Amino acid sequence: MSRITAVTSGPYAPPAPARELAVPSTDGARLHVEVHGPEDAPPVVLLHGWTCSTAFWAAQLRDLAADHRVIVYDQRGHGRSPLSPVCTTRALADDLEAVLAATLADGERALVVGHSMGGMTIMAAAERPRLRAHAAAVLLCSTGSSRLVAEARVLPLREGPVRAWLSGRVLGSRVPLGPVTPLAKRILKYGTMGARSTPGMVEACARIVHACPTPARHAWSRVLATLDLDHGIRALSMPTAIVHGSADRLVPPVHAHSMAAGLPNCVGLTELPGVGHMTPVEEPELVTGRIRELVTTYVTGAGEPASVRIKEGA
């Protein structure tokens, strides 16, 4: 995705990076990587989700880059990272390790944050030595480890095999999304965002999602349909926090509670009332604030561990 496809003004317009890299993964796939902020600042690594790109983190980049070194990259097939023939959870883990190796010094510790498929990438890499060496803590936003299609509530149908089958067909469709029209934005908002999302939020997300190439969207939908990373949750031994929207239809809050129960070192589940799947866009200040807390507590060591916080929502 070129920068022109994202919004170009306002809080959701992606800022220019301090530097860009093309990082090769294990199988030779090339990953577009950006580094924002001062080189000597505490590092944060942000991983976007399915059909998104580095532009998804625009609000966090604008805030955090003032006093953090923020590393973002386009997952293979997304943004400016070309689609590879290999689309697997193993490849996601390989890619994360490659980015960590290219951007962090030996022994350097960072906060690693994943939204949706980005969180699944972290789970897939949970037992990898490089993630264990570099991740001082993890933040999982609006993600799940298994049963994604079975639990999805994008279609207003009773839970069961019919809803699961239809959800799989919709989410795995090969039909191009086409231009960003008022109808397309209404559909996107219903499926992925909370009712209080502003037009600017919806516009930003629609431009990012519609820019994802159809072959990449379809290829990764097949991986997500059969996802089983429950073992990855159990292997995330570093302090791990969760942020999830109570109105998330795509990955409902049942996933957040299941992950919190399975994590060896869960340091908080924050459930955001009325918020949908796009938590970093829908609640940018809260998500950014949680990132800052975790960096202070676990990366720089300047704070006290936050207590477990759960916000119940309507």
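Residues are numbered from 1 along each chain as its sequence is written. Because the model is predicted, local features need pLDDT of at least 70 and side-chain atom pairs count only at pLDDT 80 or more, whereas totals for chains, interfaces and linings use all residues; side-chain values use heavy atoms, with hydrogens and water left out.

Salt bridges were assigned where a side-chain nitrogen of Lys or Arg lies within 4 Å of a carboxyl oxygen of Asp or Glu. By this rule the count is 15. One of them joins Glu97 to Arg128, with 3.0 Å between the closest N and O atoms. This pair links distant parts of the chain, 31 residues apart: Glu97 belongs to helix α2 (residues 89-103), and Arg128 to the loop between α3 (117-124) and α4 (129-134). Helices (H or I, at least four residues) and strands (E, at least two) are DSSP runs, numbered from the N terminus. Burial was assigned from relative accessible area, with buried meaning under 20%, exposed over 50% and partly exposed in between (1.4 Å probe, protein chains only). Glu97 is buried, at 16% relative accessibility, and Arg128 is buried as well, at 18%.

A salt bridge also connects the side chains of Arg147 and Glu151, with an N to O distance of 3.4 Å. Here Arg147 is partly exposed, at 47% relative accessibility, whereas Glu151 is buried at 14%. In general, side chains of opposite charge can pair when their charged atoms come close.

Glu203 and Lys185 form another salt bridge, the closest N and O atoms lying 2.7 Å apart. The two residues are 18 residues apart and link distant parts of the chain, with Glu203 in helix α8 (residues 199-210) and Lys185 in helix α7 (residues 182-192). Lys185 is partly exposed, its relative accessible area being 24%.

Helix α8, which carries Glu203, is mostly covered, with nine of its 12 residues buried. The buried residues include Met201, Val202, Glu203, Ala204 and Cys205, as well as Ala206, Ile208, Val209 and His210. Among the elements that cover them are α7 and α12 (279-282), contact being defined as heavy atoms within 4.5 Å. The expected span of a helix is 1.5 Å times one less than its number of residues. For the 12 residues of α8 this gives 16 Å, which agrees with the 16 Å between its end C-alpha atoms.

Thr192 is located in helix α7 and is buried, at 14% relative accessibility. A polar atom of the Thr192 side chain lies 2.8 Å from the backbone oxygen of Leu188. Apart from neighbours within four places in sequence, Thr192 is in contact with Leu250, Gly276, His277, Met278 and Glu282.

Strand β7 (residues 240-245) pairs with β8 in the parallel sense over five bridges, where pairing requires that DSSP finds at least two bridges between two strands. Within this pairing, Val243 has Thr270 of β8 as its bridge partner. The chain passes from β7 to β8 through helix α11 (residues 254-262) in a right-handed β-α-β crossover; right-handed means that, with the strands pointing away from the viewer, the path from the first strand over the helix to the second runs clockwise. Strand β8 (residues 266-272) is mostly covered, six of its seven residues being buried.

Glu271 is part of strand β8 and is buried, with a relative accessible area of 7%. Its side chain makes a polar contact with the side chain of His257 at 2.8 Å. A polar contact is a pair of N or O atoms within 3.5 Å; within protein, one must be able to donate a hydrogen and the other to accept it, and residues adjacent in sequence count only if both atoms are side-chain atoms. The C-alpha atoms of Glu271 and Asp230 are separated by 21 Å, the two residues being 41 residues apart along the chain.

His48 is placed in the loop between β3 (43-47) and α1 (58-64) and is buried at 0% relative accessibility. The His48 side chain reaches the backbone nitrogen of Gln75 at 2.9 Å. Not counting residues up to four places away in sequence, His48 touches residues including Trp57, Tyr73, Asp74, Gln75, His78 and His115.
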